[in-house]
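Subject: Structure handover

Hello,

Here is the structure I said I would pass on. My notes on the interfaces and domains follow it.

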Amino acid sequence: MTLSPGEAEAMSLHEITVMVNGTVHTARVQARLTLVDFLREVLMLTGTHTGCEHGVCGACTVMLDGSSVRSCLVFAVQAAGSQVLTVEGLAPDPEGMSVLQDSFCELHGLQCGFCTPGMLIAAHDLLQHNLAPTEEDIREAIGGNLCRCTGYKQIVDAVALAAERLSRANAPKGSAGDAA
Amino acid sequence: MTADVRAGFRYIGQRRRPKEDRRFVTGSGRYAADVTLPGMLHVALVMSPHPAARIVAIDTAAALALPGVRAVVTGAELMQGTEPILSGLDLPSMKRYPLALGVVRYAGEWVAAIVAESRALAEDAAELVEVDYEPLPQVIDPEAAMQPDAPRVHGDLDGNVLYRRRFVWGPVAADFAAPAHKVAYRARWHRSATVPIETFGVVARWNPAQQLLDVWASVQMPKFPEHLARALRLPGSGICAHFDVDVGGSYGVKRGLKHAILVGYLARSLGVPVRLLEDRLDNMRGGDAHGPDRIFDVEMAFDDDGVVRALKIRAIDDVGAYAGRAALQLGKPITAIVGPYRIRSVAYEPISVCTNKTPEEAVRGFGQGPTNFALETGMDLIARQLGLDRVEVRRRNLIRTDEFPYTIPSGSSYDSGDYHAVLDKVLAAADWSTLVERRDAARAAGRLAGVGLCCCLEPSGGNASFEPLFNPQASNTTWMEGCQIKVDQTGSIVASIGTNSSGQGHETLVATVVGEVLERDPDTVRVVRADSLGALPSHSAVGSRMAIMLGGAAAGAARKLKQGLIAIGAHNLKVAAEACIYVDGAVALAADPAERLGWQQLIDIAHRHFHLLPPGTEPGLQASYVWEVPTGGALPGADGRVQMYPCYTFESHVVYAEIDRITGQTRLGGYFAGHDCGVMINPDIVHGMTYGGIAHGIGAALYERFHYDDDGQLLSGSFMDYLIPSAHEVPNIVIVDHCTPSPLTTFGQKGSGEAGYLGAPAAIASAVNDALAPLGLHIAVVPMTVAALGDLLATKDVQR
Amino acid sequence: MKAVDFDYLQPRSVPEICDLLAAGKGEARILAGGQSLVPMLAMRLARPDVVIDINRVDELHGIDTAADAVAIRACTRQARALDDPTVRTRLPLLAKALSFVGHRQTRNRGTIGGSLANADPSAEIGLAALAMGAEIEARSKAGDRTIPVGEFFVAPMVTALAADECLTAIRFRRWNEQGSLGTGFQETSIRRSDFALALAAVQLTLDRGGTCCRIAVSLGASGTKPQRLTEIEQALMGTKLGKAELTEAERLAHDGIDAVSDIHASAAHRRRIAGVLAARAIAEARDDAQSRRS
């Protein structure tokens, strides 16, 4: 999103430096630019989506300094000096997918894909704290993310599968998980 | 094309990872909002705050003077440069432009468009546009709008009733007089919609050197390029609509014509790319994407045994201020007007009414969901009146499996089904008798508890034949679908389709079908989307038609390829084609399969060894196929009888619900859905859409409403007040599948994009009313909100 | 939905905040967690000239524990407070209230002070604070001020804070009555985590004999402001909170609150729910206290 000379002069711009998915970015932004718009329009990381811009649908969910937040309710200037993780940062490499992403593919935990990045971040947040979530834990973790396609069932199943796979991967050698 | 139903499929029906999922989980989907072009400008709208007003003057000077603003356009300018959008009804005087002309007819109607260097600047400028309105009398309630002295939404029309007709099929009067019992009731389906999480967005770029308008839109609109071309006064080949834009959910509503016409006009007149993305507030009141708003007055005449002999339905649909295609949603349900039941006489009186509210748009099911709700309300009332079990009433009325194909009074033939089997399956899966015990135990403990069920149809396949029924000018009798496949020199298969998808998994559908016919792994079949210039005809993913139509088209093209491969093989094996077998892409002698030409050999001949091709064969390896809807091609008779949709998917839901006596909150404690859509091409995709449809149905049944006050203001215009079910409100759902193949389709598949939504409100209402029954209460209005149930329960003073 | 442009300031200390508020260069709004303010900015319902982001003021983050009081500084995240062991053990009613607040993502940003200053009548934190008899600490250039929470909520979305004052902390003083403490928090919303239709917060002390020797009953989401229902408190003092007392409490709550109608519930419905929730919260607190007696 480029500003015309008139625009840039008329408003005060703030210089910010933010680390996003491990890469440091510096930019000059208007104060009123939200973090989600910064990610999408300045950094061209369009994986994070806006569905409501008033903090209800959760499509804009990202990790900010280790906590899942609604990026439509944070201004980019507020994220100066912070670390942001978006859906584009979940995969270990460009050709791969994380266990969570792969589980969503395995159990078709999505359809149109629009809520999916937010769902993945919310699930990622859960799995960082809890590798044995109950169905209620999973529904609570994604309770702030609206989906209109899936009815949530295959999403819940995918998160449960990811949790099971991750806890097996973490299990010490020679434990019951090896047999699976 | 005759059906080609085989007992076992190799790929069809197997669990397989949908191809599309990988790009979405990695954040590399490409939605309309992700399309960014150099020099692109952004649009914001000025919307009417009044539900009805004359536009006296529009002062755009201050807005234009704001730095960064490129243009401010009003209706007067726009109407010079575009053709009006016409109604789906025969209303030639109801011309509509994206921007209001002289009059506004609903709060949220677009009055002016700002084009600026950023959306934020465009919004700043929109606030500076001064519009002088002279409010006019408005009418908000549809029945009030039908009164002769009601304010007229359209001054040049003779009242607010846009369409009204009474169809009589069968000996209705006689069949109504004879039976011992009657029930008469009103069922009200308040306005809601499927409200996707992604709003509508469109980008357009005009290329003067090529005289071509490129369009990227989050759209689910049949003939979108054609309608856009007509409105912009371009030839059809002057529009290049890019169908490879991922759509973030649509479920019917993203028709987007007014948005695209506006943006197309702006791009052309300003000579720069232009993008319009609705924000959520824009979308809710000004996006013209509201859903059904119905009043059903129903009468059923039935015998002592609960068998319905005759049915009368009057259906009023409030389309809002303009009738696009939404009015036709009173017509499509004619294809299943008696539901899954053996009712031989029907009188159906659809009435389309306009009011000063946001226009309605096509919503998932195109009117079938509310109609099913109206019918099932009656079935439960019959059971109540006779003291019969509600399941038994269904059993006695359901069409029997030995009666298919079954022609209903309005002229459509149901292709196949075994409704009793599906009902039995879901009752077993739900363990109905245990649910009833659970309910009774809850009641004994003082709680309000109920079990409910529904039996509903999802007509699928899509056919235009309801259009001439409602508009004699529209003599469309079919919808078609096309698919092209090529195999290149390297042996790679690429199939090309010509429409957007919004989560239905069409790429996986086509790859699976092509793989099945060619006996090649679907993972090796790449599916791409042609743009509108390169695509074969398509009618988009509406009417639960794609499994049938796109599946059929892809199969047809694949069969042509297969025949071509067999011909090449036979020629080179020096035998007739009948002496060959085709196995996994190779062609061999039936008598001695060791004598064979492999896949790459056949490809090499097709592409490179012209001397080895059968004489008269086109070189290369490619085929295209366009299929028209099975059973299509007929115009309605004088009484309105006509074959509409070809295939009939059946669903039966069982629901357990408890209602809090004080708060009126409904909690769903068990949800089971029996589903028969014939052969499923990809079970995960079908199940996923059914779960999602049920979630939509839960929203419509319990939470969602576009709520208007008496002044025509939308009170639920954001997600704070329009309440969409979260993972807490949608319970775990169990689906049980059944398969009665369709004799009309390639693999026996029926359509299934609307499943769940078409039955859930009826099933939940059934459970809620069962819970209320011991109190002598009944509700036939959706949504059954906390507000509605709380006040209803208070009439019985049930606190203690 | 892009906000109207504003000047953005990021003070690093409380005196700096006060200077900025006192400077009075147009309308200023304080930005803490943003979960309430930013939607208002996006919808252009709030149009301040200046936004003062106080998130970087270190002295506004933290939980201070003393023998007779616990103070939570204004910018402490709701998530942090919910997870804090001190809050769970020393401020159980607040802990219960916090579990009803929003979703994880909103609690990760939303602050204790921000919720209080926003003064939404259906907010849980303010309601619990009211029952707990908390004190709001505020500072301006003129100095420090302590506002009893009973005087803090003036009207929907309006507090007793002056335009040049910044809320710095909320202090919860220990209840010193002899006996066992019990808490109850009840809420009804349409969907989980929606704005509440009605909510009730109760804190009480039962003496050794199981008689109530101190009780605070507050009701919220009544459309105006969270209210202490002193009539109920007086009726319940000195009783064992049995069935008859609970029925009376329900009736008094039903009759005693202001309620409004909207598309989500009628005023009559809100009253019915409020009455029942009050009784349930009192019973919950009573049972909670009794479980601690042994």
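Predicted model: local features only at pLDDT ≥ 70, side-chain atom pairs only at ≥ 80, totals over all residues.

**Domains of chain B**

Across the interface of domain 1 of chain B and domain 2 of chain B, 9 residue pairs are in polar contact, both residues being at pLDDT 80 or more. A polar contact here is a pair of N or O atoms within 3.5 Å; within protein, one must be able to donate a hydrogen and the other to accept it, and residues adjacent in sequence count only if both atoms are side-chain atoms.

Residues are numbered from 1 along each chain as its sequence is written, chains are lettered from A and ligands numbered from 1 in the order in which they are written, and side-chain values use heavy atoms, with hydrogens and water left out.

Chain B has domain 1 (21-29 + 480-627), domain 2 (32-136 + 199-247 + 255-286) and domain 3 (294-465 + 635-794); the bounds come from an automatic or database domain assignment. The C-alpha centres of domains 1 and 2 of chain B are 40 Å apart. Contact (heavy atoms within 4.5 Å) involves 22 residues of domain 1 of chain B and 20 of domain 2 of chain B. The two bury about 1,500 Å², with 52% from carbon and sulfur atoms; buried area is the accessible area (1.4 Å probe) that two parts lose on being put together, summed over both. On the domain 1 side, Asn500(B), Ser532(B) and Leu533(B) lose the most area, together 36% of what that side buries.

There is 1 salt bridge between these domains (a side-chain nitrogen of Lys or Arg within 4 Å of a carboxyl oxygen of Asp or Glu). Arg23(B) and Asp246(B) form a salt bridge, their closest N and O atoms being 2.8 Å apart.

**Chain B against chain A**

In this interface, 57 residues of chain B touch 51 of chain A. The buried area is about 4,500 Å², 55% of it from carbon and sulfur atoms. Arg17(B), Val25(B) and Ile197(B) supply 16% of the area that chain B buries here, more than any other three residues. The chains share 6 salt bridges; Arg17(B) also has a salt bridge with Glu106(A), at 2.9 Å, N to O. Helix 18 (683-703) of chain B is one of the elements that give two or more residues to the chain B side, and its 9 residues are the largest share. Helices (H or I, at least four residues) and strands (E, at least two) are DSSP runs, numbered from the N terminus. That side has 26 nonpolar, 18 polar and 13 charged residues.

**Domains of chain A**

Chain A is divided into domain 1 (5-89) and domain 2 (99-170), with C-alpha centres 24 Å apart. These domains of chain A bury about 1,100 Å² between them, 62% of it on carbon and sulfur atoms. Between them there are 0 salt bridges and 5 residue pairs in polar contact, both at pLDDT 80 or more.

Regards

Methods: Nonpolar A, V, L, I, M, F, W, Y, C, P; charged D, E, K, R; others polar.
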